[in-house]
Amino acid sequence: MSINRVVLSGNLTRDPEVRTTQSGMPVMSLGIAVNDRRKNSQTGEWEDYANFVDCTMFGNRAQNVSQYLSKGQRVMIDGKLRYSQWERDGQKRSKIEVIIDDLDFASPRGSGQGGYDSSASHGGGSSAYSAPTTPVVDTTSSVYDEDIPF
């Protein structure tokens, strides 16, 4: 048994592009940058390195969600990997992309970054952008390191 599941959180590298297949299905393509931290062996400092990931979403949700996305916006993506290969001008080409099953906004439109999750595409219906809500904080209990069993 194998599992093909990807969860990513990153910033859009470009505005989404929506096209339509010959059968009329909307297809949204976008790219996200996901940071990875590595320790520089020469300086000993931690440095961020960007990984650029191509993502694709199909169906009416793709058309609806694309209206609320713009370059620099932080998103969370749940999906699966797909490997494609083709030949162009006599050269074999290939790529791995993420097929989006679910996309959540992590920042409001136009802000670039933020800290809430509006969960705009849960469900299977059309997406709607909702205003940020105040997070609920439980002040009646506290957790200490010694309370964690591992």
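**Close-up views of a predicted model**

Y83 counts as exposed because its relative accessibility is 51%; buried means under 20% relative accessible area, exposed over 50%, and partly exposed in between (1.4 Å probe, protein chains only). This is a predicted model, in which local features need pLDDT of at least 70 and side-chain atom pairs count only at pLDDT 80 or more, while totals for chains, interfaces and linings use all residues. Residues are numbered from 1 along each chain as its sequence is written, and side-chain values use heavy atoms, with hydrogens and water left out.

View 1. L81, Y83 and I96 make a nonpolar surface patch of about 320 Å². Patches consist of residues with over 30% relative accessible area and no salt bridge, where like charges are joined within 9 Å and nonpolar side chains (Val, Leu, Ile, Met, Phe, Trp, Tyr) within 5 Å. Accessible areas come from the Shrake-Rupley method with a 1.4 Å probe, and for residues only the protein chains shown count as cover. Y83 is placed in strand β5, residues 74-88. Helices (H or I, at least four residues) and strands (E, at least two) are DSSP runs, numbered from the N terminus.

**View 2. The largest nonpolar core.** This core has 19 residues, and those with the most contacts inside it are L30, I32, C55, L69, I77 and L103. Two or more residues each come from β1 (6-12), β3 (26-39), β4 (46-58), α1 (60-66), β5 and β6 (91-105). A nonpolar core is a set of buried Ala, Val, Leu, Ile, Met, Phe, Trp, Tyr and Cys residues joined through side-chain atoms within 4.5 Å. Neighbours within four places in sequence left aside, I77 is in contact (heavy atoms within 4.5 Å) with V6, V7, L8, L30, I32, C55, V98, I100, D102 and L103.

**View 3. Salt bridges of R14.** A salt bridge is a side-chain nitrogen of Lys or Arg within 4 Å of a carboxyl oxygen of Asp or Glu, and the count by this rule is 9. R14 forms a salt bridge with E17 at 3.8 Å, N to O. In the salt bridge between R14 and D54, the closest N and O atoms are 3.9 Å apart. This pair links distant parts of the chain, with D54 in strand β4 and R14 in the loop between β1 and β2 (17-20), 40 residues apart. R14 is partly exposed at a relative accessible area of 27%; E17, at 48% relative accessibility, is partly exposed, and D54 is partly exposed at 33%.

**View 4. Salt bridge between D101 and K80.** The side chains of these residues meet at 3.1 Å, N to O. D101 lies in strand β6 and K80 in strand β5, so the pair ties together parts 21 residues apart in sequence. D101 is partly exposed, with a relative accessible area of 26%, and K80 is partly exposed, with 32%. A network of salt bridges links R5, D78, K80 and D101.

**View 5. Aromatic pair of Y68 and F105.** A search of the whole structure finds 1 aromatic pair. The ring centres of Y68 and F105 are 6.5 Å apart and the planes are at 75°, so the pair is edge-to-face. Y68 is in the loop between α1 and β5, and F105 in strand β6, 37 residues apart. Rings of Phe, Tyr and Trp (its six-membered ring) pair if their centres lie within 6.5 Å; planes under 30 degrees apart count as stacked, over 60 as edge-to-face and the rest as tilted. Y68 is partly exposed at 23% relative accessibility, whereas F105 is buried at 0%.
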